[in-house]
Amino acid sequence: MATSTKAATGDSDDRLPLKKIPGTYGTPFFGAVKDRLDYFWFQGIDTFFKSRMDEYKSTVYRVNMPPGPPGFPDPRVIALLDQKSFPVLFDTSLVEKKDVFTGTYRPSLSFTGGYRVLPYLDPSEERHTKLKTFCFNILKENGPRLFSEFSNAIGESFIVWETALEEGGTASFSTECAQFAFNFLFRGVVHRDPVAPGEASLGTKGGEHASLWTAPQLAPVASLGLPHAIEELTVHSFPLPFILVKSQYDPIFKFITTYATDALGKAEALGIDRNDAANNLLFFLSFNAFGGFNIFFPAVVREIGGVGPDLMRELASEVKDVLAATGENKISLQSLGKMSLVTSVVYECFRINPPVPFQYGRAKKDFILESHDASFEIKKGEMLFGYQPFVTNDPKVFADPGTFNPKRFLGPEGEKLISSVFWSNGRETDSPTLQNKQCAGKDLVVTISRLFVAELFNRYESFELAPKPAGPAGPTSQVTFTSLIKNAKT
Ligand code: HEM
């Protein structure tokens, strides 16, 4: 007998009308190929979901998600596109999160030294508990160091941008983002500068190695910018082998095993094999953390740039006023806590553009799921899928959801909305635990993102960007400064 999602969705006992889940998977093979072509080619991602939402008059429906046949397993999912149904994906008593981190497929274990790393484990697995404890411990122990290393690393990039502009050129935000995001993470956790000379030095190639090692793992669900026909017949139909990027993984692995002796020793004390710990650490830092920041920071710059100089000047004066009031000459955790506009802007960036757009979970049992308008029977074994950008732009929760509103989360009414920001596989008001699958780095991510905005506007009063290049969004979309106006005091 089906249980209900009452616990997951906080519903009352008055159940909405039970409906058959609309949508179709089409005929085997051809249905999946058709949906995939619509998704990547004929419609594009947002129209793909929106057109079906309109056709079925439902925010819950059946559809095939890429990748698909012949080289990938079952693409059939039930899409959840509203704020009421989506949180079922956070409820690990109802959904299994085994091997669903990247979607309906899991990349070969050769990418991770033969280990199933933490993000692919369900909390019911013993390794999940040990490895998430390891991740929590390294973040807690290195929190202050990560904070100061971030300020140092972005400071190095300020100089690079300013020099480039003084010499009459343009300054690539994206290229430097890959430097400061990689360097602060590895300096902060491995306690060794990747750029410093040494037997396992990465020079300035760390970020590039991490991106190239990640790319084939995400290629089945990404647009690489190749001609569509080639992408469909290759990366969207068959997994790419690790051997293509072994030369990217090897130097990072060597860097970690050579220098992260402190972190690896602590993992061994928890009963984790050293090689397993090294592969997990590599994944946390290069995929989860670097990958996430490398998507998110350019999006933040783009969103703030899109609003314009008035917002920039307000941010700069908030940072200046808080530092003047606290008497500090550099930003601390304490002063950051007083910068409410900075914080609201960061939440709005997460809301409008959640960096990880997809979440998956397989039903552990039969249950009833509710959207805003109806309830649906979910069967054990069915794959549930959330397209997060639609969920965090749900018009039933957020007014004028498509507009970037920097002040949305200010004041008592704004604060009430924070619980509806979902970027971390959980509510923004929830915390990651050993029992759930919420991002282990959630608090660090929000703190460092606020620090990023504060550092930027502690240095600059405003900036201008080159127009957005055509092509797919995300880390491949270059962000370039054409001007940077320094604050009077710097
Ligand atoms: C899980 C996003 C940074 C470590 C996740 C998940 C998301 C996410 C959406 C859940 C995936 C799923 O199972 O559906 C992000 C974003 C980041 C970021 C957008 C940066 C902007 C970090 C950092 C760390 C980290 C800095 C730590 C070094 C993890 C780990 C998991 C995870 C270990 C798996 C948690 C578990 O298995 O219980 N992250 N993350 N992430 N994240 Fe993050």
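In the predicted model, S424 is placed in the loop that links α15 to α16. This serine has a relative accessible area of 3% and is therefore buried, the cut-off being under 20%. Beyond its neighbours within four places in sequence, S424 makes contact with K437, Q438, C439 and K442. With one of these residues, Q438, the contact includes a polar pair between the two side chains, at 2.9 Å.

The SG atom of C439 lies 2.3 Å from the iron atom of the ligand and is its only protein donor. K437, a further contact of S424, has a side-chain N or O atom 2.5 Å from an oxygen atom of the ligand.

The shell around the ligand comprises 26 residues, of which K97, H128, K132, K437 and C439 are the closest. By class, 15 of the shell residues are nonpolar, eight are polar and three are charged. At least two shell residues are supplied by each of α4 (126-166), α10 (274-307) and α16 (442-459); α10 provides the largest share, with five residues.

A polar atom in the side chain of H128 is found 2.8 Å from a ligand oxygen, whereas L118 places a backbone N or O atom 3.4 Å from an oxygen atom of the ligand.

Terms used
Residues numbered from 1 in each chain as written. Predicted model: local features only at pLDDT ≥ 70, side-chain atom pairs only at ≥ 80, totals over all residues. Heavy atoms only, no water. Near = heavy atom within 4 Å. Polar contact = N/O pair within 3.5 Å; in protein donor to acceptor, adjacent residues only side chain to side chain. Helix = DSSP H or I, 4+ residues; strand = E, 2+ residues; numbered from the N terminus. Nonpolar A, V, L, I, M, F, W, Y, C, P; charged D, E, K, R; others polar. Donors = N, O, S within 2.8 Å, 3.2 Å for Na, K, Ca; no water. Buried < 20%, exposed > 50% of the residue type's maximum accessible area, 1.4 Å probe, protein only. Contact = heavy atoms within 4.5 Å.
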